[in-house]
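Good morning, colleagues. Please look at the sequence and the model on the screen while I take you through them.

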Amino acid sequence: MKKKELILFDFDGVIIDGMNEYWHSSLLACKYYLNSKDICSNINTNLKISNVFISLRPWIKYGWEMVIITHEIIKKNNPLTDKNKNSFVANYENNCAKIIKKNSWDSKNLQKSLDRARELQISDNFDQWISLHKPFIEVVKFIKDAEKNGFQIGIITTKGKLFTQKILENIDINPDYLYGYESGSKTEIIANLINDYKIIGFLEDRLKTLLNVVNNSQTSTLPCYLADWGYLKENDRNNLPKTIKLLKLNDLNNRLANFA
Ligand SMILES: [Mg+2]
């Protein structure tokens, strides 16, 4: 039997620009759940989004890293600033690990603090929380057109599944598959899907994630696309391997014609 055709999407930076929400929810997590002596307890949760936070977003893989970065930006002494951010990202993973160790945190609890900050907003003021997310309308249209053309849609994100679902409902997208951080690594999820579907594309804005996919023997033949409109590092677009194509927002519709 012919396998059904499936298109896979990352969520943050591909379907949605949630930058304002990442910052706001991380501030709330710091204020209510972090219990850090390095930050004031009366954090202004309406604080304007930090440019340092925006410029570090391309390095972030999991939500809990946003909480750490926000903590470093707003803390009292030696905060993370425009001046020292380059040395921070030069050793990004080690620096995150050091902060966790110094504060005796763990990534699971940090993630929980972010999830709780989101739950709080959903129960207190859902409309305001939703309004912090800006969908990429071209991508939303692309997904709807793809569905009409008989393609199955899968979304694989490192966000919590429940939160992703609420945002997707709001933009009227109902994917055939939705995997959150609870489901394991993206490469593992894709390796499982490959058995049952003909996957015709994976759109993702984190180059490292795409490299993991193309370097894994089970998923190496997957057509991978780096979303040019997402949270990319300055050099991500240069020297891409042949197996990863840079996809521009304006080229999305042509791409669907090529798929079909
Ligand atoms: Mg992303």
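What percentage of the 260 residues in the chain do buried residues make up? The share is 37%, where a residue is buried if 20 or more other C-beta atoms lie within 10 Å of its own, exposed if 12 or fewer, and partly exposed in between, with C-beta atoms placed from the backbone.

Two remarks on conventions come next. This is a predicted model, in which local features need pLDDT of at least 70 and side-chain atom pairs count only at pLDDT 80 or more, while totals for chains, interfaces and linings use all residues. Numbering starts from 1 along each chain, as its sequence is written.

I begin with the whole chain. It contains 11 helices and eight strands; these are DSSP runs, helices being H or I of at least four residues and strands E of at least two, numbered from the N terminus. The radius of gyration of the chain is 19 Å, close to the 18 Å that the globule rule gives for 260 residues, so the chain is as compact as a globular protein of that length. That radius is taken over C-alpha atoms, and the rule is 2.2 Å times the number of residues to the power 0.38. The C-alpha trace spans about 60 × 40 × 30 Å along its principal axes. Of the contacts with a separation of 6 or more, 66% join residues 24 or more positions apart; two residues are in contact if their C-beta atoms, placed from the backbone, lie within 7 Å.

I turn now to helix packing. The axes of helix H3 (residues 63-74) and helix H6 (residues 107-131) come within 8 Å and cross at roughly 85°. Axes here are lines fitted to C-alpha atoms, for helices over the stretch in contact, and angles run from 0 to 180 degrees between N-to-C directions. H3 and H6 are therefore roughly perpendicular to each other, given that angles under 35 degrees count as roughly parallel, over 145 as roughly antiparallel, 65 to 115 as roughly perpendicular and the rest as oblique. Among the residues making this contact are Trp-64 and Met-66 of H3 and Leu-110 and Leu-114 of H6. By class, the contact has six nonpolar, four polar and no charged residues. Here Ala, Val, Leu, Ile, Met, Phe, Trp, Tyr, Cys and Pro count as nonpolar, Asp, Glu, Lys and Arg as charged, and the others, Gly among them, as polar.

Helix H1 (residues 19-33) also packs on H6, at an angle of about 105° and with the axes 8 Å apart. H1 and H6 are therefore roughly perpendicular to each other. Their contact includes Tyr-32 and Tyr-33 of H1 and Arg-116 and Arg-118 of H6, and its residues divide into seven nonpolar, four polar and two charged.

How do helix H9 (residues 186-196) and helix H10 (residues 207-214) cross? Their axes come within 9 Å at roughly 45°, which makes H9 oblique to H10. Lys-186, Thr-187 and Ile-190 of H9 meet Thr-209, Asn-212 and Val-213 of H10.

Ser-104 lies in the loop between helix H5 (92-102) and H6, and its phi is near 50°, a positive value in a residue other than glycine. Asp-172, between helix H8 (161-170) and strand S5 (177-179), has a positive phi of about 65°. Glu-234, in the loop between strands S7 (224-227) and S8 (244-247), is exposed, with 8 other C-beta atoms within 10 Å.
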